[in-house]
Every structure is written in C-alpha cells, then in structure tokens.
Amino acid sequence: MKQMIGKGYTHIYTGPGKGKTSAALGLAFRASGSGLKSVIIQFMKGLPSGEIEAAARTGGLITIERYGSERFCRPDACDGSLDEHRDHARRGYERAAGLIASGEYRIVILDEIVTACTFGLLAEEDIISLMKGKPDGTELILTGRGATAGLISHADLVTEMREIKHYYQSGVPPRKGIED
C-alpha cells in the first residue's frame, strides 16, 4: 500500500563539499523507517560501496541501481572513455524516466545526475524534463557538483555543500565505510 504524505518536492544537493550523496541516502533511510519505498539511480558510479549493502538490508524499501563505469570519469579524457560514460548515463536516464513516470516509488534519487550534466554526459534540458514530469506525489532528489541556474530554478529546495576543510588535503585516502 502506497502511503501518501502530501505533495512531493524536488531537491538538489550540490556544491564542492562532501555530503551530497550522504544527505540523499539519509532521506531514503528516513523514508524507509516510515515504510516508504525509495529508488536510487546512481550515475557515474560503478565501483562497490557500503550503501549497496546497507540498502539490501531494508527489506526492499530501498533499491539502488548503478549506471556507471568502473573507470573514473574525466571530462577531458582522450581515450574514448567518455563515450562509455555517456552510454551509461543515457541508460540511467532512461531508467530514471521510466521509474519516475511509473509512480511506483515515493522517493526517487538521481545520485550524481548533476555531475553527469556538468561533464556533458547528459543535457540540462533532459534533466529539467524529468523535474517537470514527475508525478505530484513523488519526492525527487538530484545530487552532484555544479548545479546550473536552470536546474536550480526548477527545484523546490537547493542545498549547497561547501568544503571548508577536508582531511584529503593532508593525504588521507578514502576509508572503507566512511567514503566508500
């Protein structure tokens, strides 16, 4: 049974600081505590991570699908890998569009879709089309660096994560269970 909690809004978590995906995941885990189903479409991510295992423990309330390569995406790549990244992003976009239209999930999170736009893997107008086309009862969350003025203007809530200090700057590598 689908629980209704009113109108659904569109959120964007953007900026150069840490915590965009974590904020979106926190929303999905909070929603699962109320019995609401969430789907997370991850763009530009293909490596294993702790959130996949955690979501699997929610009894089907949180589903994560990944549409990314195991290779790091660089917008200046000359090795042909941008075509691979564009293909993954396009498949993720098509899947997201279908899931949003279906109304099956109360919460739809498009993790790193903003970064995919920033890197030229997806067009801004396509993402705006998703935002405009979401059903009224669906909460839509977009994450990633570099949200454009166009994306921001179509969102109801925008939070910018700003890095003030980060231990990466002193050479600390990503740690299992904290950054992955």
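Student: In this predicted model, what share of the 180 residues in the chain is buried?

Tutor: Buried residues make up 45% of the 180 residues in the chain.

Student: Why is T138 called buried?

Tutor: Buried means under 20% relative accessible area, and T138 has a relative accessibility of 1%, so T138 counts as buried.

Student: Where does T138 sit, and which residues is T138 in contact with once its neighbours within four places in sequence are left aside?

Tutor: T138 lies in the loop that runs between α5 (124-133) and β5 (139-143). With those sequence neighbours set aside, its contacts are G8, Y9, Y105, R106 and V108, where contact means heavy atoms within 4.5 Å.

Student: What makes the radius of gyration of the chain agree with that of a compact globule?

Tutor: The globule rule is 2.2 Å times the number of residues to the power 0.38; for 180 residues this gives a value near 16 Å, and the chain has 16 Å, so the two agree. Along its principal axes, the C-alpha trace spans about 45 × 35 × 30 Å.

Student: How many helices and strands does the chain have, and what pattern do they follow along the sequence?

Tutor: There are 6 helices and 6 strands in the chain, and read along the sequence they follow the pattern β-α-β-α-β-α-β-α-α-β-α-β.

Student: Among contacts between residues at least 6 apart in sequence, what percentage joins residues at least 24 apart?

Tutor: Of those contacts in the chain, 74% join residues at least 24 apart.

Student: How many positive and negative side chains does the chain have?

Tutor: The chain has 23 positive and 23 negative side chains, and the centres of these two sets lie 5 Å apart.

Notes
Residues are numbered from 1 along each chain as its sequence is written. This is a predicted model: local features need pLDDT of at least 70, side-chain atom pairs count only at pLDDT 80 or more; totals for chains, interfaces and linings use all residues. Side-chain values use heavy atoms; hydrogens and water are left out. Helices (H or I, at least four residues) and strands (E, at least two) are DSSP runs, numbered from the N terminus. Buried means under 20% relative accessible area, exposed over 50%, partly exposed in between (1.4 Å probe, protein chains only). Lys and Arg count as positive and Asp and Glu as negative; His and the chain ends are not counted. The place of a charge is taken as NZ of Lys, CZ of Arg, CG of Asp or CD of Glu.
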